[in-house]
Amino acid sequence: MTFKFLPLLALSAILSAQAIAQCIDPFALNVSPGVICTGRSLTLSATNYPGATYTWTGPAGSGIVPGGPSSQTLTGVTVGGHSGIYSVTMTLGACTYTANVNVFVQITPTINSVNHKSPICVGEDEVFVANSASGIGATYDWAGPGGWAFTSTTTNVATRAGMTPADAGNYSVTVTSTAGCTSDPFIVPINVHPQVNSDFATTVMLGCDEDSVKFTNNSTGHNASEWTFGDGGTGIDSDPLHIYKSQGSYTVRLIVTNGVCRDTSLQIVNFNHSVKANFVVSDDSICQNTPITFTNTTAYVPAILPGYKWNFRDGGTDAVVDPTYVYARAGEYRAKLIATDYIGCMDSTEHLIVVDSTGAISFESSIDELCAGQTLNFSGTFMQIGNTGTTWTMGDGNVVHNVPGFNYGYDRAGIYNVVFEAMYRVCPKVQFNKTIIVKPFPIIDLGPDTSICVNGKPVILTDRINNGNPLAKWKWNSRGDNTGASIVARHPGAYSATVEIDGCAATDTVVVANNCYINVPNAFTPNSDGHDDYFLPRQLLSSGVTDFKMLIFNRWGQKVFESTTADGRGWDGSFNNTPQPLGVYVYLIDVNFVNGAQEHYEGNVTLLR
């Protein structure tokens with residue numbers, strides 16, 4: 001059976017009782033609108049016969065009502081839920097009629113956003129860019145205030161040129177896909193700001209150190225101002241007062257804005273009524289009492305000669321244009337010039353003048369006479385202003401540079417002329433000299449070390465070099481006793497003598513040893529380790545011994561060793577080649593000396609292993 005899609009009114013017109021009676025098939029199913037788009041409504045209409053009943057079927061999830069009237073409307077159409085075949089069966093008496101229709105749902109395009117420049121200023125072009133995924137071939141329809149419209153099938157961009165305040169309002173755009181589905185309108189409000197014009201006037205107020213300018217803002221259409229005064233200063237007041245710290249030419253910029261639109265204007269303000277003090281000198285480094293010429297190079301506008309005042313900073317002043325001056329004292333002076341212009345404004349400048357000294361120089365020494373090898377202190381005095389260095393010539397070939405004072409010593413006796421010089425930047429160098437006498441140290445010789453025996457003949461110690469010198473003075477053993485060039489030594493010990501000649505002193509020491517004494521050890525260790533392996537009294541000066549006898553006994557009184565040789569090895573701790581046990585042994589020693597003295601020793605010695 002073939003179904004013909006006819007309007008509902010046409011189907012009603014051809015309905016007749018004859019057709020019903022004969023069960024002919026004038027039944028039809030109509031779909032509106034013709035293009036079904038997602039998100040829209042779908043209306044299904046069957047031929048309406050009075051008294052008939054209708055049974056509907058459709059895709060699962062479409063929301064079709066199985067039993068219902070001759071027409072149904074489905075909303076919120078989707079591709080997955082509403083695409084497919086719809087069927088309706090009409091029953092009228094004994095007649096049954098069925099109609100089918102296949103519905104294809106198309107996707108409705110959307111506009112996600114619209115890019116634009118608003119808010120914009122008068123005269124600017126507004127450019128709209130619709131953001132949609134409709135693809136190539138879609139149609140964009142634009143509309144706006146004043147009947148403005150624009151349709152394009154090739155681009156998603158629309159431009160309205162030269163915007164005016166009357167062009168402000170809501171703009172809309174829709175996009176239609178190639179399948180015929182049209183999006184909802186996307187509304188864009190556009191705001192056009194009024195025209196802004198920047199303009200200002202200046203009122204200059206001259207000063208000496210500073211100049212002021214009153215700015216009057218004549219701008220229109222603005223609600224904010226930004227000033228740049230050309231000297232680094234800025235401001236936001238409508239009619240500011242600005243102070244310029246120095247003269248010159250400054251570009252002033254005024255930017256006015258209404259929050260969106262802005263305009264800029266520029267003006268140049270000039271200040272040139274200055275007096276600039278300046279001068280040069282014939283020489284800025286001079287010696288005392290040397291004339292110096294000051295040349296005035298002050299610049300001033302307008303060409304009215306200023307008044308001048310000079311201050312040379314040593315008490316001297318002047319009021320001429322180009323003075324000549326003499327500094328009588330050394331020092332550093334910042335000469336100053338003050339220039340005053342025709343309206344009473346002043347400017348000043350300074351120049352450093354260095355005046356070198358021709359003052360005295362001298363030095364002091366801690367002593368003028370000393371002994372060779374001793375030290376003395378030098379301390380110099382000189383004018384330090386303008387000084388470039390000092391030199392000490394010591395008279396012995398040595399030179400010391402750039403120290404005001406120091407300690408110094410001469411190695412050899414003699415007469416030395418010390419010269420102290422100070423050099424200056426401009427003035428000639430000055431010097432001072434003084435003679436230093438260096439006396440030689442005496443030589444003293446008490447002879448070689450010697451020895452004596454107790455109660456023996458004493459030893460006479462003598463300064464062999466200075467004996468007989470009437471200028472020599474001696475001190476023995478630092479006791480302060482002045483006993484002359486010789487003393488008698490009756491006891492062993494160290495003897496020292498200091499001889500002084502003309503304030504210089506030298507010392508010598510001689511040792512008098514004990515030549516008649518033996519030292520008896522109290523233990524020995526005969527273990528062949530090279531240390532204390534033998535028992536024998538020994539003394540470095542034992543050459544005074546003439547006879548010697550030593551006997552060793554064990555604790556039972558048995559003699560285990562005997563010797564008459566003072567320079568032998570002594571007892572090795574054995575008896576009859578047999579090592580003796582640890583323990584205490586008794587010794588007896590008799591000794592005769594060269595002076596006839598005799599000594600006897602007896603005691604105990606411990607044998608250790």
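Buried means under 20% relative accessible area, exposed means over 50%, and partly exposed lies in between. The views below come from a predicted model.

**View 1. A disulfide joins cysteine 208 and cysteine 345.** Their sulfur atoms are 1.9 Å apart. The link is left-handed, with -75° about the S-S bond. It connects distant parts of the chain, 137 residues apart. Cysteine 208 sits in the loop between strands E19 (200-205) and E20 (211-217). Cysteine 345 sits in the loop between strands E34 (331-340) and E35 (346-356). Cysteine 208 has a relative accessible area of 40%, so it counts as partly exposed. Cysteine 345, at 4%, is buried.

**View 2. Cysteine 287 and cysteine 427 form a disulfide.** The sulfur atoms lie 1.9 Å apart. With 115° about the S-S bond, this link is right-handed. Cysteine 287 belongs to strand E28 (residues 285-287). Cysteine 427 lies in the loop between strands E42 (414-424) and E43 (430-439). The two are 140 residues apart. Cysteine 287 is buried at 13% relative accessible area, and cysteine 427 is buried at 4%.

**View 3. A disulfide pairs cysteine 371 with cysteine 504.** Here the sulfur atoms are 1.9 Å apart. The torsion about the S-S bond is about -100°, so the disulfide is left-handed. Cysteine 371 lies in strand E37 (residues 369-371) and cysteine 504 in strand E49 (residues 504-514), so the pair ties together parts 133 residues apart in sequence. Cysteine 371 is buried, with 3% relative accessibility. Cysteine 504 is buried too, at 1%. The count for the model is five disulfides.

**View 4. Three strands form an open sheet in the order E27-E29-E33.** The pairing is antiparallel. Strands E27 (279-281) and E33 (324-326) stand at the edges with a single partner strand each, so one side of each has no neighbour in the sheet. The twist averages 30° from one strand to the next. Strand E29 (residues 291-296) is joined to E33 by three bridges. Proline 291 stands opposite valine 326 of E33.

**View 5. Strand E7 pairs with E4 and with E8.** Five bridges join strand E4 (residues 53-57) to E7 (residues 84-92), and the two run antiparallel. Threonine 53 has threonine 91 in E7 as its bridge partner. Nine bridges join E7 to strand E8 (residues 95-103), again antiparallel. Threonine 89 stands opposite threonine 98 in E8. The hairpin of E7 and E8 has two residues between the strands. Glycine 93 takes a positive phi near 65° there.

Conventions
Residues numbered from 1 in each chain as written. Predicted model: local features only at pLDDT ≥ 70, side-chain atom pairs only at ≥ 80, totals over all residues. Heavy atoms only, no water. Pairing = 2+ DSSP bridges. Helix = DSSP H or I, 4+ residues; strand = E, 2+ residues; numbered from the N terminus. Axes fitted to C-alpha atoms, helices over the stretch in contact; angles between N-to-C directions. Disulfide = S-S within 2.5 Å. Buried < 20%, exposed > 50% of the residue type's maximum accessible area, 1.4 Å probe, protein only.
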